[in-house]
Amino acid sequence: MSDSERDNHPARYALAEFVNIYDEGIYFEPIFRFVQGVDRDKFIKSLKERVSGHYRVADGEKVSEVAGSVALPKVISSIDAFIKEYIAENGGSVDYVHGEENITKLVKADKSAVGVMPDTLDKSDLFKYVSKEGAFPRKTFSMGEGVEKRYYLEAKKIVF
């Protein structure tokens, strides 16, 4: 690739956002799993049997707590693996929801839905975990509430 081609290549620029996670204004929020199209009792019973660790389950009008001492990222990985396997065997779908109020409202409105709510990651644990274990599971946490998210509408196909 010539200098001119490299200087004008669409992959030359990248959008990056730098954030100081130690700033008190930056906080981590958990991302909840909204599972619908399932038999609530069967799903919850199987989930509690298979996934140990600390998390909460929204079931219609109530939220129950599951106690355990497994590290948060491993709990999330286990929850996600369970949901994937359950859906493959029994049907249903999963979506990811920000905010406890949002997920409990969705679960109350759908008798075939369950909300699985992992704990919040303490941001002081971020670098310790990554240096020891590697990347977090997908959809572990979000920086801030869902309504604070930015939405990027521009997209480009970059071809090398």
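## A residue at the surface

Asp 125 counts as partly exposed, at 30% relative accessibility. Accessible areas come from the Shrake-Rupley method with a 1.4 Å probe, and for residues only the protein chains shown count as cover.

The model is predicted, so local features need pLDDT of at least 70 and side-chain atom pairs count only at pLDDT 80 or more, while totals for chains, interfaces and linings use all residues. Residues are numbered from 1 along each chain as its sequence is written, and side-chain values use heavy atoms, with hydrogens and water left out.

## The chain as a whole

The protein has 5 helices and 6 strands. Helices (H or I, at least four residues) and strands (E, at least two) are DSSP runs, numbered from the N terminus. Read from the N terminus on, the order of elements is α-β-α-β-β-α-β-α-β-α-β.

Of the 160 residues, 33% count as buried. The protein exposes about 10700 Å², and carbon and sulfur atoms supply 52% of that area. A contact means heavy atoms within 4.5 Å. Among contacts between residues at least 6 apart in sequence, 74% join residues at least 24 apart.

Strand β2 (residues 55-59) pairs with strand β3 (residues 62-66) in the antiparallel sense, over 5 bridges. Two strands pair if DSSP finds at least two bridges between them. Opposite Glu 65 in β3 stands Arg 56. The hairpin has 2 residues between its strands, and Gly 60 takes a positive phi near 70° there.

The side chains of Asp 59 and Lys 62 also meet, in a salt bridge of 3.1 Å from N to O. A salt bridge is a side-chain nitrogen of Lys or Arg within 4 Å of a carboxyl oxygen of Asp or Glu. Asp 59 is buried, with a relative accessible area of 15%.

## Salt bridges elsewhere

How many salt bridges does this rule give? The count comes to 8. One of them joins Arg 50 and Glu 85, whose closest N and O atoms are 3.1 Å apart. Because Arg 50 lies in helix α2 (residues 40-50) and Glu 85 in helix α3 (residues 72-90), the pair ties together parts that are 35 residues apart in sequence. Arg 50 is partly exposed, with a relative accessible area of 47%, and Glu 85 is partly exposed too, at 35%.

Asp 125 takes part in a salt bridge with Lys 128, at 3.3 Å from N to O. Lys 128 is exposed, with a relative accessible area of 53%, whereas Asp 125 is partly exposed.

Is Arg 40 buried or exposed? At 15% relative accessibility, Arg 40 counts as buried. This residue is found in helix α2. Arg 40, Asp 59 and Lys 62 are linked in a network of salt bridges.

The side chain of Arg 40 also makes polar contacts with the backbone. A polar contact is a pair of N or O atoms within 3.5 Å; within protein, one must be able to donate a hydrogen and the other to accept it, and residues adjacent in sequence count only if both atoms are side-chain atoms. A polar atom of the Arg 40 side chain lies 2.7 Å from the backbone oxygen of Val 107, and the side chain reaches the backbone oxygen of Asp 110 at 2.8 Å. Not counting residues up to four places away in sequence, Arg 40 touches residues including Gly 60, Lys 111, Ala 113 and Val 114.

## The nonpolar core

In soluble globular proteins, nonpolar side chains tend to be buried together. A nonpolar core is a set of buried Ala, Val, Leu, Ile, Met, Phe, Trp, Tyr and Cys residues joined through side-chain atoms within 4.5 Å. Here the largest such core has 17 residues, of which Phe 43, Leu 47 and Tyr 55 touch the most other members. At least two residues of this core come from each of α2, β2, α3 and β5 (113-118). Helix α3 gives the most, with 6 residues.

Leaving aside neighbours within four places in sequence, Phe 43 is in contact with Val 35, Val 38, Phe 82, Ile 83, Tyr 86, Val 114 and Val 116. Val 38 is found in the loop between β1 (28-36) and α2, and is buried, with a relative accessible area of 7%. Beyond four places in sequence, the contacts of Val 38 include Phe 43, Tyr 86, Gly 91 and Ser 112. The C-alpha atoms of Val 38 and Ile 87 are separated by 8.1 Å, with the two residues 49 apart along the chain.

Terms used:
Buried means under 20% relative accessible area, exposed over 50%, partly exposed in between (1.4 Å probe, protein chains only).
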